[in-house]
Amino acid sequence: ASAVEAAPAYPVGVQPTYASSMPSTPPPAYSPSSGGSSNMRPKLETMRSMLGDELSDKELESALSKADGDVNRAVNFVLSDQEKSQKRNSSKRSSSRRRFGV
């Protein structure tokens, strides 16, 4: 019987990534109580450039918190909330018009 040589676990020349080669501390997470992480300001500025100046920093930070710091998701949360609010206001106006014969 001939011995079968085992194939290497990784392609030749590719070294596996070990936990020891990873940074010992993770990047700072967003925390509203601590004023956010060091990369919060650029995220808020990006959101403001997309959404305008109508929302406060606190509202933008809240959306970022819900989105786990992801700017795209946070913007989607804000836009979704605005759309829901507009629909509620629109239905209130039309129901009051019907009620008062306007």
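A67 is buried, with a relative accessible area of 0%, where buried means under 20% relative accessible area, exposed over 50% and partly exposed in between, computed with a 1.4 Å probe and protein chains only. The model is predicted: local features need pLDDT of at least 70, side-chain atom pairs count only at pLDDT 80 or more, and totals for chains, interfaces and linings use all residues. Residues are numbered from 1 along each chain as its sequence is written, and side-chain values use heavy atoms, with hydrogens and water left out.

The chain holds three helices and zero strands, and its elements run α-α-α from the N terminus on. Helices (H or I, at least four residues) and strands (E, at least two) are DSSP runs, numbered from the N terminus. Of the 102 residues in the chain, 19% are buried. Among contacts with a separation of 6 or more, 32% come from residues 24 or more positions apart; a contact means heavy atoms within 4.5 Å.

Helix α1 (residues 40-51) packs against helix α2 (residues 57-66) at an angle of about 105 degrees, and their axes are 10 Å apart. Axes are lines fitted to C-alpha atoms, for helices over the stretch in contact, and angles run from 0 to 180 degrees between N-to-C directions. The two helices, α1 and α2, are therefore roughly perpendicular to each other; angles under 35 degrees count as roughly parallel, over 145 as roughly antiparallel, 65 to 115 as roughly perpendicular and the rest as oblique. On the α1 side the contact is made by M40, R41, K43, L44, M47, R48 and L51, and on the α2 side by D57, L60, E61, A63 and L64. These residues divide into seven nonpolar, no polar and five charged. Ala, Val, Leu, Ile, Met, Phe, Trp, Tyr, Cys and Pro count as nonpolar, Asp, Glu, Lys and Arg as charged, and the others, Gly among them, as polar.

Within α2, the residues L60, E61, A63 and L64 are buried. They cover an arc of only 160 degrees around the axis, which puts them on the same side of α2; the arc is that of the directions from the helix axis to the C-beta atoms. K58 and K66, on the other side of α2, are exposed.

The loop between α2 and α3 contains A67, D68 and D70. A67 touches R73, A74 and F77, not counting residues up to four places away in sequence. The C-alpha atoms of A67 and F77 are separated by 7.8 Å, the two residues being ten residues apart along the chain. With 65% relative accessibility, D68 counts as exposed. D70 is partly exposed, with a relative accessible area of 33%. The side chain of D70 reaches the backbone nitrogen of N72 at 2.9 Å. Between the C-alpha atoms of D70 and K43, 27 residues apart along the chain, the separation is 8.5 Å.

Helix α3 spans residues 71-100 and includes V75. V75 is buried, with a relative accessible area of 5%. Not counting residues up to four places away in sequence, V75 touches M47, M50 and L51. The C-alpha atoms of V75 and L51, 24 residues apart along the chain, are separated by 7.6 Å.

Key:
Polar contact = N/O pair within 3.5 Å; in protein donor to acceptor, adjacent residues only side chain to side chain.
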